[in-house]
Amino acid sequence: MASQAPRSQTTRPKRQRLPAFTLYGEAGGPAPALLHIESIDARSRLHGWEIDAHVHAGLHQVLWLQAGWAEAMLDESRSRCEGPAVLVVPPGVAHAFRFSRHADGHVLTLNAALLAEGDAAAAGQALATLFAAPRSLALPAESPEVLRLQRLFEALAAEQQGADTPGEAGSPVPVWLARAIVWRLAQLVHAQRAAPAPGPPTQRSALYTRWVVLVEANYRAHWPVARYAQQLGLSTERLNRLVRAETGLNAQRVLHDRLVREACRWLLHVAAPVSQLGFELGFDDPAYFSRFFRRHTGLSPRAYRARHQPGSPA
């Protein structure tokens with residue numbers, strides 16, 4: 001039976017709050033040892049092959065589409081891809097999917113701290129590369145990487161199915177396989193950008209990943225940079241050097257940019273008043289939230305929301 005034409009995600013009504021799940025439809029915060037894989041079919045079939053807009057706070061997600069098509073919303077972007085393809089969802093990114101019936105593939109959801117802990121500099125570097133931004137990666141069907149990735153996803157799914165506590169203390173194989181998937185996908189990002197391969201991994205990469213995990217957990221609490229540094233066992237100066245080496249920005253600017261990105265997502269996807277969104281993001285004074293947002297975007301929150309409404313002029 002032919003699939004229905006994709007329905008634009010922009011036609012869906014805004015909610016009063018953007019749902020945050022551990023796994024889609026399941027409430028709860030990100031567990032430090034979360035490493036979960038399931039088939040696309042397992043969850044999307046229950047929802048008519050449509051996954052509504054939501055976020056995963058503090059969790060990284062990779063969708064491996066082996067066959068079929070997917071219509072994806074990743075923050076402001078809309079795209080449609082045919083398998084084989086990969087969709088990368090960094091923490092906090094608002095995303096929604098619509099799949100062709102019986103789309104084949106897997107969804108991997110993980111807490112980055114699990115992959116970057118211990119002597120895992122290569123994993124830290126690959127995580128920073130792959131999840132630097134939401135993205136889709138199209139792969140030629142004849143590419144040898146397609147078979148390699150498919151085998152890794154299938155092996156990880158088999159390990160999880162046979163384990164009582166996947167991703168926790170016990171067999172290290174699931175973590176090794178997840179690291180291999182992330183590493184291979186990070187190499188594809190470099191190849192598709194025609195960029196030189198990264199140099200040898202350093203312990204800095206794993207430390208930076210720990211910083212990213214801390215930011216995702218606490219940016220709405222407006223922690224000062226010094227508190228992040230203390231949690232990481234660093235001086236404020238060393239943390240700034242670490243973040244600048246990875247991003248070109250100091251730590252405070254990265255924290256501000258994270259708040260602005262979240263504000264933009266909520267303005268686009270949540271129907272609540274601007275003042276309420278400011279409170280949700282940790283701003284006690286709505287006027288200060290508006291000034292903060294304008295300083296970083298050049299627009300007031302209301303103007304930004306109006307400009308990005310469906311049908312607004314570009």
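Helix 9 and helix 11 are roughly perpendicular to each other (angles of 65 to 115 degrees count as such). Their axes, those of residues 251-269 and residues 286-297, come within 10 Å and cross at roughly 105 degrees. Axes here are lines fitted to C-alpha atoms, for helices over the stretch in contact, with angles from 0 to 180 degrees between N-to-C directions. Helix 9 brings His256, Asp257, Leu259, Val260, Ala263, Cys264 and Leu267 to the contact; helix 11 brings Phe289, Phe292, Phe293, His296 and Thr297 (contact means heavy atoms within 4.5 Å). By class, that contact has 8 nonpolar, 3 polar and 1 charged residues.

This is a predicted model, where local features need pLDDT of at least 70, side-chain atom pairs count only at pLDDT 80 or more, and totals for chains, interfaces and linings use all residues. Residues are numbered from 1 along each chain as its sequence is written, and side-chain values use heavy atoms, without hydrogens and water.

Cys264 is buried, at 9% relative accessibility (buried means under 20% relative accessible area, with a 1.4 Å probe and protein chains only). Cys81 is buried too, at 11%. The structure holds 0 disulfides (a disulfide is a pair of cysteine sulfur atoms within 2.5 Å).

Strand 1 joins strand 8 (residues 104-110) through 5 bridges. Ser39 stands opposite His106 in strand 8.

Methods:
Buried < 20%, exposed > 50% of the residue type's maximum accessible area, 1.4 Å probe, protein only. Pairing = 2+ DSSP bridges. Helix = DSSP H or I, 4+ residues; strand = E, 2+ residues; numbered from the N terminus. Parallel < 35°, antiparallel > 145°, perpendicular 65-115°, else oblique. Nonpolar A, V, L, I, M, F, W, Y, C, P; charged D, E, K, R; others polar.
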